[in-house]
Amino acid sequence: MVSSVKSSAGAGKSKTTKTKSSPQEIAIDALHVTKIYRGDTDVLALDDVSVQIRKNEFFTLLGPSGCGKTTLLRLIAGFEHPTAGMITLEGEDISLLPPYQRPVNTVFQSYALFPHMSVAENIGFGLEMLGKPKSEIDRTVDNMLELVKMTELKNRQTSQISGGQQQRVALARALAPRPKVLLLDEPLSALDLKLRKQMQIELKRLQHETGITFVFVTHDQEEALTMSDRVAVMSEGNILQVGPPREIYDHPAERFVANFIGDTNFITAGLVSIGKSSAKVKLPSGKTVAAALPQGGISKSDAKGKVTVVIRPEHARIGKAASNSTLSGTLQNIVYIGTDTHYHLELPKGDIFIIRSQNQRDFEESHRVGKKYGIEIGPGAVQVLRD
Amino acid sequence: MADASMVSPAKKTGRAFSIRKQTGFTTMAIVCFFLLYAPLLPLVFYSFNAGTSLAFFEGFSFRWYVAAWNNDLVIDATIRSVYLAAAASSIATVLATMAALGTTRTKPYKGLTAIYVMINQPLMVPEIVTAVALLILFASIKAATNYHGMAYLIIAHTAFCIPFAYLPIRARLEGMDLSLETAAADLYATPWLTFRRVTFPLLWPGILAGMMLAFVISLDDVVITELVKSSGQDTLPTYMLGQLRRAITPEVNAISSVLLAVSVIMVTIFFFLNRKSS
Ligand SMILES: Nc1ncnc2c1ncn2[C@@H]1O[C@H](COP(=O)(O)OP(=O)(O)O)[C@@H](O)[C@H]1O
Ligand SMILES: [Mg+2]
C-alpha cells in the first residue's frame, strides 16, 4: 500500500481548502484531471477531464472498455493520483489524500470480499477501522444486513454464498461506514440478466433510501439510461457529454454519443440558418426542416455549411411515397423482432435509413420490399451534431 | 526438494501436445522414480537389522533405534540440529517475508530483477563455494573476537535458508487478489492495519510453508555446517558423516531413517499448505 500523506484522524477529518463556488451542491468536482500511466509506453488514460457530480444523485460513467472509467473512479477513491488537475469532495481538495482518509467507499467489480471473514465481519470492517464502538458496529451491521436482505446469512463465510449474495454483501460493506460518495465499478457485469435487472432496481432503491451520492460505472447503455439521474458519456479519456438520460438520448451532441447510445440514422445536411437553440437544415431530399442544436451550439464556420444530423429510428414513420415526404427511399428489408418491426430503406444516395415501428397485435405487414416509401419525420426529431 | 522439482513436468506451450504421448516418456519417468527412491529402500530396511551387518539381514529389531536413542552424542547432535534449524528458519522466514512484500507490494522499480537474483543467490552459487567463503570470513572473526558460539552456524544457515522461505511466500503473495488490500485501504485501514488484518491472515499458509521448507533444508545441511562449525558443534548430519568415516553400523541407518521420515513429513505438509493456498 502506498501512503503519502500522514494520517491525522479518521476519514473526512483532513485539512480543508475551500473553493469559492458553492460547495454545498457539489459532491465531487474534478478539475482538469489528467492521468498518465507511466511505463515502457505511457498511457494517457484521462485527458484533461472536468466533471461535477452533485450531492445525492445517481451519476453514471458510461463508455466502452478502455475509455478511462475505472481510472476516474480510482482517482476519486484515491487508489491512483492525478498526473495533473485536482479533485475536490464537498469543497475539500482530496487529490493527495490516501484512500483510507477519504470518506468514499467502493464496490469492486470482483467484490473483493475478505475470504477469511464472515459476512458480518466483512460488513463491519470499515466501521471497525474507523474505531467505532462495538455496539455501534453491531447495530449498523444488522441494519445493513436488513437493507440488503441478507440477515439470515450473517454468519456465513463469504465463500459459502452465491455471486448475487456476495454482491449484496459488497454493497452493504461499502455502505456501512456511510460514505459521502459510493463508487461502483461495473458491479452488475458478473450477474446473469435476470439478477442484473433485479439488482438495478435494488441499487436505485438503496440510493434513494440512503441518500448517498452514487457514482456508477457501466459500459451498458441501457443500464445507464434506466438507472441514472445523470450520465457522462466517455470515450478515449474524455467526457463527451453529461446530462440526464433523456437529454443524452434525444439530444446527443457528438457522433460517438449518438452511435454508442441506441440506434441512429446519420444524415449529412446543409445548414440553412442557425438560431439560438435550433437551426434549419436542408436534407438530401431538398426539404428544409427544423433541427435542435447541441448544448453549447455549433459555429457556422467550423461546420462549413454542412452538418451531420441524427434521427432515431423510432422517431420516423414509414408512409406512402409522396412529393412532400421529408425523405424517401426503397424498402430493402423488413425485420420483425416481436415488439417492433425494423424497415431498412435505401436513400437515393445509397445510405440506409432504419425506421422502427412498434407492432400492434395481429398486425398485417402491408409493406413490400423493393417498393418506394416516404419517410415521415415528426417535429423535433432531427438533432444536429457538434462535429 | 531438489528431487521433487526434477520430476515436475516440464511446461510445454503446444496446446494439443502431451508429453505423455512421446514414446519412452513413461519408461523414462519410471526409471527416474526408481533411481530416486530405490537407494532409500535398503537404507531403511537394514536399519531394522538385528545384526551388525549391512549386507545380511539377521532378523527384525528396533535395536539400532534404541542404540541411537541411548547415544548421548546422537541426542546432543539432534538437539543442536533442531535448535539450529528452528532459529535459522525463523529468522530466514521473517527476512523472506519482508523481502517478498518488498518485491511484490511495490510499484516495479529499477533494480527489482537484481534483487530477485540476490535473494536467490544461495540457489545458484555452489554450496562448497559459500562454505569456503564463510569458513574464511568466520575464521578471521573467530580469531579477532574469540567467540566460538552457535551464532556463526545460525547466520550461515539463515543465509542459505532465505530463498527457500522466500519462494513459497512470494508465490502466495502473487496469487493473492490485490483488490483485497485495495478494499481494505478503501475501508479506512491504514497500511499497517491492512497488513495485519488482510495480508497477513491470507499469507500465513505461505509463511508456514516457507518456514517448514527452510527448516528441512537447515536440518539436512552438511557442507556448510561441516566447514563453519566449531569443535563440539556437531549437528546430526555432520555427526553421521563423522561416524561413516569409522565403522558403519545400522545405527547410522536408523538415524538416517528418522531424518528421512521427518523430512518427508515436513515436505508433505509443505505441499499440502501450498495446495490449499492456490
Ligand atoms: N495500471 C495501469 N497501467 C497502465 N495502463 C493502465 C492501467 N490501468 C488502466 N490502464 C490503461 O488506461 C486506459 C483506461 O483504462 P480503464 O480506466 O481501466 O478503462 P475502463 O474502466 O473504461 O475500461 C486503458 O487504455 C488501459 O489499458
Ligand atoms: Mg473498467
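**Figure 1. Gly164(A), a buried glycine in helix H4 of chain A****.** In this predicted model, Gly164(A) has a relative accessibility of 10%, so it counts as buried, the cut-off being under 20%. Its place is in helix H4 of chain A, which covers residues 163-175. Which residues does Gly164(A) contact once its neighbours within four places in sequence are left aside? Leu191(A) and Leu195(A) are the answer.

Figure 2. Look for Gln241(A) in strand S10, residues 238-243 of chain A. Is Gln241(A) buried or exposed? Its relative accessibility is 9%, and because the cut-off is under 20%, Gln241(A) counts as buried.

**Figure 3. Val215(A) in the largest nonpolar core****.** This core holds 92 residues, and Val215(A) is one of those that touch the most other members. Leu61(A), Phe114(A), Phe125(A), Val181(A) and Leu183(A) share that standing, as does Val228(B) from the other chain. Leaving out residues up to four places away in sequence, Val215(A) touches Ile53(A), Phe59(A), Leu61(A) and Leu73(A), and also the run of Val181(A), Leu182(A), Leu183(A) and Leu184(A). Another core, of 35 residues, lies apart from this one; Val169(A), Leu175(A), Ile212(A) and Phe214(A) are among its members.

**Figure 4. Where chain B meets chain A****.** Here 22 residues of chain B are in contact with 29 residues of chain A. Together the two chains bury about 2,200 Å², with 70% of that area on carbon and sulfur atoms. Which three residues supply more of the area that chain B buries than any other three? They are Asp186(B), Leu187(B) and Tyr188(B), with 36% of it.

**Figure 5. A salt bridge between Glu128(A) and Arg197(B)****.** How many salt bridges are there between chain B and chain A? The count is one, and Glu128(A) forms it with Arg197(B), their closest N and O atoms being 2.5 Å apart. Polar contacts between the chains come to seven residue pairs, with both residues at pLDDT 80 or more. On the chain B side, the elements that give two or more residues are helix H10 (178-186) and helix H11 (191-220). H10(B) gives the most, with eight residues. By residue type, the side of chain B that touches chain A divides into twelve nonpolar, four polar and six charged.

**Figure 6. Chain B, a chain with 14 helices and zero strands****.** The C-alpha atoms of chain B fill a box of roughly 70 × 60 × 30 Å along the principal axes. Of its 278 residues, 40% count as buried. Among contacts in chain B between residues at least 6 apart in sequence, 70% join residues at least 24 apart.

Definitions and conventions: Residues are numbered from 1 along each chain as its sequence is written. Chains are lettered from A and ligands numbered from 1 in the order in which they are written. This is a predicted model: local features need pLDDT of at least 70, side-chain atom pairs count only at pLDDT 80 or more; totals for chains, interfaces and linings use all residues. Side-chain values use heavy atoms; hydrogens and water are left out. Contact means heavy atoms within 4.5 Å. Buried area is the accessible area (1.4 Å probe) that two parts lose on being put together, summed over both. A salt bridge is a side-chain nitrogen of Lys or Arg within 4 Å of a carboxyl oxygen of Asp or Glu. A polar contact is a pair of N or O atoms within 3.5 Å; within protein, one must be able to donate a hydrogen and the other to accept it, and residues adjacent in sequence count only if both atoms are side-chain atoms. Helices (H or I, at least four residues) and strands (E, at least two) are DSSP runs, numbered from the N terminus. Ala, Val, Leu, Ile, Met, Phe, Trp, Tyr, Cys and Pro count as nonpolar, Asp, Glu, Lys and Arg as charged, and the others, Gly among them, as polar. A nonpolar core is a set of buried Ala, Val, Leu, Ile, Met, Phe, Trp, Tyr and Cys residues joined through side-chain atoms within 4.5 Å. Buried means under 20% relative accessible area, exposed over 50%, partly exposed in between (1.4 Å probe, protein chains only).
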